[in-house]
Protein chains: 2
Amino acid sequence: MARVNEEFLNLKNDYLFSKIIEKTNEYKAKNTGIEVKSLGIGDVTLPLVKPVIEAMHKAVDEMSKKETFRGYGLVQGYDFLIEKIIKTEYEKIGVTLDHDEVFIAAGTKGDLAGMVELLSINNTVGLMDPVYPAYRDMNIMMGRDKIVYLKGTEENGFIPELPKEHVDIIYLCSPNNPTGIALNREQLTKWVNYARENHSIIFYDSVYEAFITNENMPHSIYEIEGAKEVAVEFRSYSKIAGFTGVRCSYTVVPKTLNAYTKDNEKISINSLWRRGQSTKFGAASYIVQRAAEAIYTEEGQKEIKENINYYKENAKYIKEELEKAGFKVYGGEDSPYIWLKVPDDMKSWEFFDKLLNEVAVVGTPGVGFGEQGEGFFRLTAFSSKEDTEIAVSRIVKLFK
Amino acid sequence: MARVNEEFLNLKNDYLFSKIIEKTNEYKAKNTGIEVKSLGIGDVTLPLVKPVIEAMHKAVDEMSKKETFRGYGLVQGYDFLIEKIIKTEYEKIGVTLDHDEVFIAAGTKGDLAGMVELLSINNTVGLMDPVYPAYRDMNIMMGRDKIVYLKGTEENGFIPELPKEHVDIIYLCSPNNPTGIALNREQLTKWVNYARENHSIIFYDSVYEAFITNENMPHSIYEIEGAKEVAVEFRSYSKIAGFTGVRCSYTVVPKTLNAYTKDNEKISINSLWRRGQSTKFGAASYIVQRAAEAIYTEEGQKEIKENINYYKENAKYIKEELEKAGFKVYGGEDSPYIWLKVPDDMKSWEFFDKLLNEVAVVGTPGVGFGEQGEGFFRLTAFSSKEDTEIAVSRIVKLFK
């Protein structure tokens, strides 16, 4: 008799974003005349930049001819892309990486989930709260139940303290989804030192690093001394280059990073990851890797920066207008996310329902990101300028 | 202290195909004047067909304009593709599926690995031997060590008997990689009945179904009565449409398929899979899904069939020429794989080294697919006609 993995049953059935979509669709069905404006799910709206489009056309044409057709690529990804990442993303900030330390994938989620499996379920996990809910779910699905929540509150400026309990695996998301707050150099150094002293591993999710404005915020954890001994870094093209429908990401796994057996033998995470990926993953699409490569041309860099600035302008607008209207608002400076304190002691979902039903605006209930998110609400800067302005003015009017 | 998942350490470091590449590269470095011909790794060589190329160009153009740009798609995949799969792949063979039973992915490996995790590690797994080695590795990585090998030998025509021990999860690969042998209707019915009686689950890997020639071979396990209660079916565009570098696949998870808790409560695999995928997987690329859709046009179907026939001609040629030369050869009729009995009591890797070093031909040692593969060798039909002929004539000459 085939037995189910009962750990999966500990997951809540209502994945945050699915529930939002469902509620929104219900509303739309009942109110066909009203246009819903969404500052909800973190999806981009600007089209791909020209160099990316051209690179994909070229790659598609290569696939049409026998001489230039490409079948299976190396599971790790193509050298042409890895090289550009090392040079453009890391060398400029003083970080040196070897080719075999960068792994191309088809999205960060899959790599986050794969990384969870490399480590024993007996590890204690430190999870920011609030944070992207998939981290927690991935651990629960594996049966890892020793979770310490690293609380981000108004009092600590959403920067969690080092935990009193010992943690073996630490998830840091900076700039944070949903609070929009990034860790500065000093704060991040504390965590790296903690991990070095405790032989812990940091999973550093920096998929929003391109939105960083403030100069004292590191873009990569490897800017901190010693981080290569303790951290895996996750990066994605989804938000910075509008690849949410294209699918490309990469993960840095330094060769100096180890985990330990029960007998305290050092095991290289890099070689374990390589071996696991050969078994479970079939490489990212050639065309998509060429698309990613194109953002590293001069024109590509210029155009994606223009797009990021467009979204940053939206973030600034949302933040300023809501502040003017008397809301308490966090984030939005180093991040496309605005973290709004829900007024009038409402709960997050109450606020969601109120906005949807009274002014047809969709956002994301903070409580979906963890207990500490209760009473907060996430707005994103990824809509068009026009829709952002309409949505904000509707919210402001509602609370006048 | 971050502890490693020690199950991963039970994997052999030399993943079969990596070892072949390594040995081949070594030989090439030492013998720069000699052209190596490979009938080894199962990668395609014909370029993508015209309707696929056109569909990708069109999709890329859509991504360049705000009005037609697509961001995140549903994790399950786009309806336009699911609809075509249901209609073209299944309706024609009398199988009815609902939209929410088909899941699009970026390659079968990832889905095979994901499916392994849904079920308890305490299940006993029945694994064909020889078979695609990733199945075993995925189970080992999870710590599932109760494995019953379903032996395929010359004596049983490479069709394993039902096991004497009880098995909860059964991997069937048909047409089989590497033996090239497909299960016929009667044989497959036995397995479906076994699974129904024992509440077991069958993972049916039919990624090579398009190569089936014989009429009594089912293309889908759902052609067998009751299979929807017991089987997940894995399909891929990799070999049938040359998508090894494009990356698209699908998995059928019927809503009537259940696993059981310790208290014998029925759990729907379909809803568990949907929930797990939302957490761990970020959907397949839009452009790639449009590419897959294009094979279901009239022209697309015609052209991919021509390509499949090209490879089938290669398979026939390899089989016939080697038989003429006195080799014992299996497979090659319903499959792109030829399963060669190694002559002169050589071991698989000895034969590999002999072919590589003496006539610069690469194939795949049978023992890499399991113990029962020792003394066998896999040749594939995916090279060009010209290279296939050269490789075969080199092998034949060597053993004259």
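How many cavities of 30 Å³ or more does the count come to? The count comes to ten. Keep in mind on this tour that the model is a predicted one.

**Stop 1: the largest cavity**

Start with the largest cavity, which has a volume of about 500 Å³. Select A:Gly110, A:Lys280, A:Phe281, B:Gly110 and B:Phe281: of the 30 lining residues, these are the closest to its centre. Now colour the helices α4 (108-118) and α7 (269-280) in chain A, then α4 (108-118) and α7 (269-280) in chain B; these are the elements that give two or more residues to the lining. The most comes from α4(B), with six residues. If you colour the lining by class, you will find eleven nonpolar, ten polar and nine charged residues.

**Stop 2: strand β6 of chain A**

Next, select residues 201-205 of chain A, which form strand β6.

**Stop 3: the neighbouring strands**

Look for A:Ile170 opposite A:Ile202. To follow the chain from β5(A) to β6(A), trace it through helix α6 (residues 185-198) of chain A; this β-α-β crossover is right-handed.

Finally, select strand β7 (residues 231-236) of chain A, which pairs with β6(A) in the parallel sense over four bridges. Here A:Phe234 of β7(A) stands opposite A:Asp205.

Notes:
Residues are numbered from 1 along each chain as its sequence is written. Chains are lettered from A and ligands numbered from 1 in the order in which they are written. This is a predicted model: local features need pLDDT of at least 70, side-chain atom pairs count only at pLDDT 80 or more; totals for chains, interfaces and linings use all residues. Side-chain values use heavy atoms; hydrogens and water are left out. On a 1 Å grid over the protein atoms alone, a cavity is a set of points where a 1.4 Å probe fits but cannot get out, and a pocket is an open set with protein on both sides within 12 Å along at least five of seven lines; lining residues have an atom within 4 Å of a point. Grid points are joined across faces, edges and corners, and a volume is the space filled by probe spheres set on the points. Ala, Val, Leu, Ile, Met, Phe, Trp, Tyr, Cys and Pro count as nonpolar, Asp, Glu, Lys and Arg as charged, and the others, Gly among them, as polar. Buried means under 20% relative accessible area, exposed over 50%, partly exposed in between (1.4 Å probe, protein chains only). Two strands pair if DSSP finds at least two bridges between them. A crossover is right-handed if, with the strands pointing away from the viewer, the path from the first strand over the helix to the second runs clockwise.
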